[in-house]
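Colleague: I would like to learn how to read side chains in a model. Please take me through some features.

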Amino acid sequence: MTPDDPDYPLAARTAPTLAALDDHLVECRACPRLVAWREHVADVKRASFRDDDYWARPVPGFGDERAGIVVVGLAPAAHGANRTGRMFTGDRSGDFLFAAMHRTGLANQATSVSADDGLRLTGIRVTAPVRCAPPDNKPTPEERRRCGPYLAREVELLGATVRVAVVLGGFGWQALLSTLAEQGWAVPRPRPRFAHGAEVTLRRATPRPAPGASLPGVVPDGGPPPPEQTLTLLGCFHVSQQNTFTGRLTPQMLDDVLLRARELAGLGAPA
């Protein structure tokens, strides 16, 4: 199967590690519209970044591989992560998000300007349901579905260490609920609606792996009865400039969500 095959993302389901998942992801060319746009942006560039070499490929998740919290956004920004190759890096949305993580003890620094700037996240990881920059920041439903195996496998590989998902905006909220329903989580019907400050706790029995397979937090065949897992979704307005410049999302509002996530994930108060 070649990277431009529409079914190429499905092979992500068998990636044995996060590193292997990332290696598969960055070769993906399964969505022609997204490939054309990400490469067009890298060719035309923004004037302020005219000397930069744009990443212009799908963007992997970033952060702690044993995270208790996962942040789910929307998609890479054309001149942010599509340029730098790291989620929420190189634009004002990322500035807003990582400054809040620094204030709440989840990041070692308040800025995120390039993939080699020394930023480290502790207890938290950032990802998205769509991994290529879409025109007008609007991926189509089909593009979201095609990219879905990457988010699904990332959640699986993070395993039972993840206790909380901070979901930025309604698109990520619906995408994550779809992924979790497919993985056997008890998602209520009708599905919970997105709102800033929404808090929904989902449950499922810890799954058993297929013969010969292994996943973090998964009970092997023949082991004791699987315990129940819980995952709490916290809704938060997206860190887009449309929200942060207008005051719809303030630094304190985001801090409050991240502090609640710390509490639910058992990470305690910031040092």
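Colleague: Which residues does H238 touch, not counting residues up to four places away in sequence?

Modeller: A note before that. This is a predicted model, where local features need pLDDT of at least 70, side-chain atom pairs count only at pLDDT 80 or more, and totals for chains, interfaces and linings use all residues. Residues are numbered from 1 along each chain as its sequence is written, and side-chain values use heavy atoms, with hydrogens and water left out. Contact means heavy atoms within 4.5 Å. With that sequence limit, H238 touches L74, F88, L168, G169, N243 and L249.

Colleague: Is H238 buried or exposed?

Modeller: Buried means under 20% relative accessible area, exposed over 50%, and partly exposed in between (1.4 Å probe, protein chains only). H238 has 18%, so H238 is buried.

Colleague: How many aromatic pairs are there?

Modeller: Rings of Phe, Tyr and Trp (its six-membered ring) pair if their centres lie within 6.5 Å. Planes under 30 degrees apart are stacked, over 60 edge-to-face, the rest tilted. The count here is two. One of them, W173 with F194, is edge-to-face, at 5.8 Å between centres and 70° between planes. W173 is buried at 0%, while F194 is partly exposed at 23%. W173, F194 and F237 form one aromatic cluster.

Colleague: Which charged end sits over the ring of F49?

Modeller: The rule wants NZ of Lys or CZ of Arg within 6 Å of the ring centre and within 35 degrees of the ring normal. R83 sits over F49, 3.6 Å from the ring centre. R57 lies over the face of W55, at 5.1 Å.
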